[in-house]
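Reader: Happy to dig into this one with you! Could you show me the model, and then we can go through it together?

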Amino acid sequence: MSSHLGLVLKSVAAADVATIAAAAEDAGFSHLYLPETGLLPGPGTTGRDPFITSSAALQATSALQVGPGVAVTLVRPGRLAGLLAATINEQSGGRFIMGIGVSHRPAIEALGLPYPSSPLGHLRSYLDDLDAAESDIAFGAGYPVMVGALGPKMIDLAAAEADGAVLNWLTLAKARTTVARLTETARASGKDGVASALFVRVGPPGDVRADAASYNDRLPNYRKHFLSQGLTDADAVVAKTCMRLDAAEVVDTLAGYRDAGVTVPCVYPTGMTATEIVHLLDAVGRKAND
């Protein structure tokens, strides 16, 4: 597969992450992102640590680039995050991706932690801490840092002061304008280019809609994000930003996002078992190479 193709795995056990990662690499996938979803307190939590699962995926593969997509900055100091990143980057021979983000106010406040009055200022300072840690630590340097970004100011930060942006829930039109802004800001900052990874959900219709409804109904920042794209309810979000569970449609949809300028369009399975995900990746890989 000549173009970059990503995978996102949420709330998957490390052993299954390793199995799926190996299958993804065999199918021609180039990147794997692991969201941090286990922080919200309460019974039934299924999210795993994204650094441990990244390490499991990297150990099971030889070329796949892997990392948190994204790790929450508010729960670990920048120096600690830099040490984690350097250690896994060294272990993997330079295949680690450091994705960072501030998460959501409701989730952070539920942990009893203060949410920053300026998420942008917090992340700018955190990027400085990561740079300082990378300069100090005598191993594992060279990993890219990606910023989870929704609004234009965070997009500009990702382009100007990091190595790229992790994007989520975008229509094709919004992906095109977002990548254009990333590119313009990067060039104004003296960079030749900047990376972008876009998460695109796929799975049984009920599960995909439940994901869209959860973001739309529970997270004010995503509600605003959807409305800015003209998406007024969960059904509109699904229709304009997600994919049917069909290998041909997945390949065509991701190709459309790639044509819009996205560096790494990503398959984001929801409501699927590890076996079902492996079968989908195999089908997508074969279809992409037809």
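Author: Below are a few questions and answers on this predicted model.

Reader: Thanks! Which residue of E7 is the bridge partner of Val 147?

Author: Strand E6 (residues 145–148) pairs with E7 in the parallel sense, over three bridges. E6, helix H6 (residues 152–161) and E7 also make a right-handed β-α-β unit. In E7, the bridge partner of Val 147 is Ala 165.

Reader: And what about strand E8: which of its residues is the bridge partner of Asn 168?

Author: E7 and E8 (residues 195–202) pair in the parallel sense over five bridges. From E7 the chain crosses through helix H7 (residues 172–188) to E8, in a right-handed β-α-β crossover. The bridge partner of Asn 168 in E8 is Phe 199.

Reader: Now some rings. Are those of Trp 169 and Phe 226 stacked or edge-to-face?

Author: Trp 169 sits in the loop between E7 and H7, and Phe 226 in helix H9 (residues 220–227), 57 residues apart. Their ring centres are 5.8 Å apart and the planes stand at 90 degrees. Planes over 60 degrees apart count as edge-to-face, so the pair is edge-to-face.

Reader: Which residues form one aromatic cluster with Trp 169?

Author: Trp 169 is buried, with a relative accessible area of 1%, and Phe 226 is buried at 0%. The cluster that holds both of them has two tyrosines as well. With Trp 169 it is formed by Tyr 215, Tyr 222 and Phe 226.

Reader: Great, and which backbone oxygen does the side chain of Thr 241 reach?

Author: The search stays with Thr 241 of helix H10. At 2.7 Å, its side chain reaches the backbone oxygen of Val 237.

Technical notes: Residues are numbered from 1 along each chain as its sequence is written. This is a predicted model: local features need pLDDT of at least 70, side-chain atom pairs count only at pLDDT 80 or more; totals for chains, interfaces and linings use all residues. Side-chain values use heavy atoms; hydrogens and water are left out. Helices (H or I, at least four residues) and strands (E, at least two) are DSSP runs, numbered from the N terminus. A polar contact is a pair of N or O atoms within 3.5 Å; within protein, one must be able to donate a hydrogen and the other to accept it, and residues adjacent in sequence count only if both atoms are side-chain atoms. Two strands pair if DSSP finds at least two bridges between them. A crossover is right-handed if, with the strands pointing away from the viewer, the path from the first strand over the helix to the second runs clockwise. Rings of Phe, Tyr and Trp (its six-membered ring) pair if their centres lie within 6.5 Å; planes under 30 degrees apart count as stacked, over 60 as edge-to-face and the rest as tilted. Buried means under 20% relative accessible area, exposed over 50%, partly exposed in between (1.4 Å probe, protein chains only).
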